[in-house]
Amino acid sequence: MNRMEAEFSNLVKAYRKKHMGKGPERVTTTFCKSWAICEMAGNLSPVEKFMAKTGDGRQMLRTARTEMVKEIYKDHPPVEMEALLGAKFIQLFVDIDIAQDIGMSVFVFDEDLEKKFGTRHG
C-alpha cells in the first residue's frame with residue numbers, strides 16, 4: 001500500500017467502528033481505476049463469532065455485514081473519505097466470508113484513483 005491507500009484504510013476502520021461499533025482489525029486497500037478495494041480481516045465481534053456457530057446466525061450476520069453496511073453508507077456518506085481523495089463516493093459493493101472472518105469492500109468514486117495517486121501494483 002502507498003501512503004494514500006494506508007490513510008484510506010485507517011478511515012475505513014474508523015468509519016466502521018463509529019457506525020457499527022467495531023471496525024476490522026486489519027484493512028488493506030488497493031486503488032484500481034475508480035475503485036478503492038479494501039480487504040478486511042477481524043471484522044466480527046465476540047458475540048458475532050458466537051452467533052456464527054449456527055446456520056441461521058451465519059445467514060443473519062452475512063445480511064448484516066453486507067446489505068446493512070451498504071445502507072449505513074447511504075445514510076451516512078463517507079465525507080472523510082471523499083475529503084481525503086478529493087473525489088465523490090458513488091457506490092459500495094460488500095461481501096464477507098463469515099467462517100474465515102474476511103470481508104471485501106469495493107468503494108466506487110467519480111475519479112480514477114489509480115491515476116490520481118500514481119499507484120502501481122503487480
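What covers the buried residues of α1? The model in which this can be followed is a predicted one, in which local features need pLDDT of at least 70 and side-chain atom pairs count only at pLDDT 80 or more, while totals for chains, interfaces and linings use all residues. Residues are numbered from 1 along each chain as its sequence is written, and side-chain values use heavy atoms, with hydrogens and water left out.

Helix α1 comprises the 18 residues 3-20, where helices (H or I, at least four residues) and strands (E, at least two) are DSSP runs numbered from the N terminus. At 1.5 Å a residue, α1 should span 26 Å, and its end C-alpha atoms are 25 Å apart, which agrees; the expected span is 1.5 Å times one less than the number of residues. At the start of the helix, a side-chain oxygen of N2 reaches to within 2.9 Å of the backbone nitrogen of M4, and after the helix comes G21, whose phi is positive, near 90 degrees.

Within α1, the residues M4, E5, F8, S9, V12, Y15 and R16 are buried, that is, under 20% relative accessible area with a 1.4 Å probe and protein chains only, whereas exposed means over 50% and partly exposed in between. Seen down the axis of α1, these buried residues fall within an arc of 145 degrees (taken from the directions from the helix axis to the C-beta atoms), so they line one face of the helix. The face turned away from this buried side carries the exposed residues R3, K17 and K18. The cover over the buried residues includes β1 (26-32), β2 (35-41), α3 (55-75), α4 (79-85) and β4 (102-109), contact being heavy atoms within 4.5 Å.

The structure also holds 9 aromatic pairs, counted where rings of Phe, Tyr and Trp (its six-membered ring) have centres within 6.5 Å, with planes under 30 degrees apart taken as stacked, over 60 as edge-to-face and the rest as tilted. The rings of F8 and F31 have centres 6.1 Å apart and planes at 75 degrees, so this pair is edge-to-face. Because F8 lies in helix α1 and F31 in strand β1, the pair ties together parts that are 23 residues apart in sequence. F8 is buried, with a relative accessible area of 0%, and F31 is buried, with 1%.

Y73 and F89 form a tilted pair, 6.1 Å centre to centre with 40 degrees between the planes. Since Y73 lies in helix α3 and F89 in strand β3 (residues 89-97), this pair ties together parts that are 16 residues apart in sequence. Y73 is buried at a relative accessible area of 2%, and F89 is buried at 12%. Ring pairs link F8, Y15, F31, Y73, F89, F107, F109 and F117 into a cluster.

Terms used: Polar contact = N/O pair within 3.5 Å; in protein donor to acceptor, adjacent residues only side chain to side chain.
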